[in-house]
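Here is a friendly walk through a protein model, with an eye on its charged pairs and its helices. Have the sequence and the 3D view at hand as you read.

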Amino acid sequence: MVTFFIALVLLIAGFFTYGKIIEKVFQTDANRTTPAVAHPDGVDFVPMKTWRIFLIQLLNIAGLGPIYGALAGACWGPRVYLWIVLGSILGGAVHDFLSGMMSERQDGASVSEISYSYLGNIVGNIMRVFSVILLLLIGVNFSVGPAALIGMLTPEWMNTNFWLIIILIYYFCATFLPVDKIIGKLYPVFGVCLIIMAAGVLGGLIVSGRMMNLPEMTAAMSIQHPDGTPVWAMMFVTVACGAVSGFHATQSPIMARCITNEKEGRIVFYGAMIAEGVIALIWAAAGVAFYEGVGPLNEALKALGQGSVVYTICQNLLGPVGAVLAMIGVIACPITSGDTALRSARLTIADWFKIDQKSLKARLFMSVPILVIVALVGQLPFQVVWRYFSWSNQTLAMIVLWTGAAYLYRHGFPPLACFMAGIPATFMSAVSMTYLMQAPECFHLPVSIAYPVGIIFAVVCLAVFSWRVIYLKKGETLKAPSV
């Protein structure tokens, strides 16, 4: 229990310390005109209040990620706290802040276009394709899952396909309509529900005395995953949302087009990631505390599924109110991540092919094919679609962090500032490559091969970047772009 509260305090303190450092390093300027102010179009570039943008960003990046991923990650014991805390402060929040602020300074550009500018044509084109595929996978995963769950709770004629059609119609509206019409109105409400659910679960654990079931960090090394799954690099991919997640970089540009002051960046981008980390920390603790150990939690997850585990915890700790919050969480939250994923896919493709989205016809031209693809892919087995999502998500995070490091380097920031992105980029390079080598759905090689390959790949990436920074020539620096 003590370990949990120390982790919670450190995570919150990270926002007020490291968050301010990265803000100062990036040199945010309250006097710089943001894209939302420079050319509001009433569709994607729509000025909104800071609190509203924060809640939208939180729901955009969170969904069920910090709940499902944290519950699965808790099966590795209290060491998951370290990943959530350090990953969020030094990696995930930096990743989200840089992706949002780089977009803001490049007129709201999608992350793939930013990568194109700073990592070159080859990486840029890979990112364009990679981003769209990832976003479509998210749209599929976060439509089929909720549709199946609602179908179980409604009459037989309202089956999964029926609700999938309803959800896709909603997705079309959210993807097509101006950002402030549906997303701007509904998301803050669900964002508050997500926060209340996490706070209520924490309160319930404290009042019920279940917090005493939590092991301390001193026992971390003696606790192994019940299935024998290695910590490296499996835990670092399993717990993505709540630590480091590449998906967030696709969502940040949506809100980068709505902020009215660069000083909002730390609250909206860095702050939302820290808030998501807090939610993940609570749910990681809740799973172990409620089921009284990592073994029983692991068995419950395999027997009941994560949705049922969430519902059981909420219902037992919070009663009928908790049951309602749980249903909102497991149904509404993934839907609200799916719709912004598809909206981001539209914006990414539009930026790629320079298609102006002010035109109603242009938005229809982009939105309809996206929804058709999601509907078709949604007919595939859920496991097949989900299998490659985790790795692609963390690989995207790796590329975005290297893009952030390259951005800082290219604009003449001090070497130390460049490495604030370069170090987590190196770590995620090792994670991504190791997972690719060892995961059953990938190459499934033994750790004796996967570990060295991952480390060598990360070292090479860092060496190349370090060489560029150390031997930086004055003529290579650029002035920061103005909006």
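## A buried arginine and its partner

R257 counts as buried because its relative accessibility is 5%, where buried means under 20% relative accessible area, exposed over 50% and partly exposed in between (1.4 Å probe, protein chains only). R257 pairs with D351 in a salt bridge, their closest N and O atoms lying 3.0 Å apart; the term stands for a side-chain nitrogen of Lys or Arg within 4 Å of a carboxyl oxygen of Asp or Glu. D351, at 19% relative accessibility, is buried as well.

Before going on, a word on the source: this is a predicted model, in which local features need pLDDT of at least 70 and side-chain atom pairs count only at pLDDT 80 or more, while totals for chains, interfaces and linings use all residues. Residues are numbered from 1 along each chain as its sequence is written, and side-chain values use heavy atoms, with hydrogens and water left out.

The structure holds 9 salt bridges. One of them joins R343 to D44, with the closest N and O atoms 2.8 Å apart. R343 lies in helix 15 and D44 in the loop between helix 3 and helix 4 (50–61), so this pair ties together parts that are 299 residues apart in sequence. Helices here are DSSP runs (H or I, at least four residues), numbered from the N terminus. Both R343 and D44 are buried.

R128 and E113 also meet through their side chains in a salt bridge (2.8 Å, N to O). R128 belongs to helix 8 and E113 to helix 7 (residues 111–119), so the pair links parts 15 residues apart in sequence.

## Helix 9

How far apart are the end C-alpha atoms of helix 9? They are 24 Å apart, which agrees with the 24 Å that its 17 residues (160–176) should span at 1.5 Å a residue; the expected span is 1.5 Å times one less than the number of residues.

Among the buried residues of helix 9 are W163, L164, I167, L168 and Y171. An α-helix has 3.6 residues a turn, so residues three or four places apart point the same way. The cover over the buried residues of helix 9 includes helix 8 (121–153), helix 10 (183–208), helix 15 (306–353) and helix 16 (360–377).

Note on methods:
Helices (H or I, at least four residues) and strands (E, at least two) are DSSP runs, numbered from the N terminus. Contact means heavy atoms within 4.5 Å.
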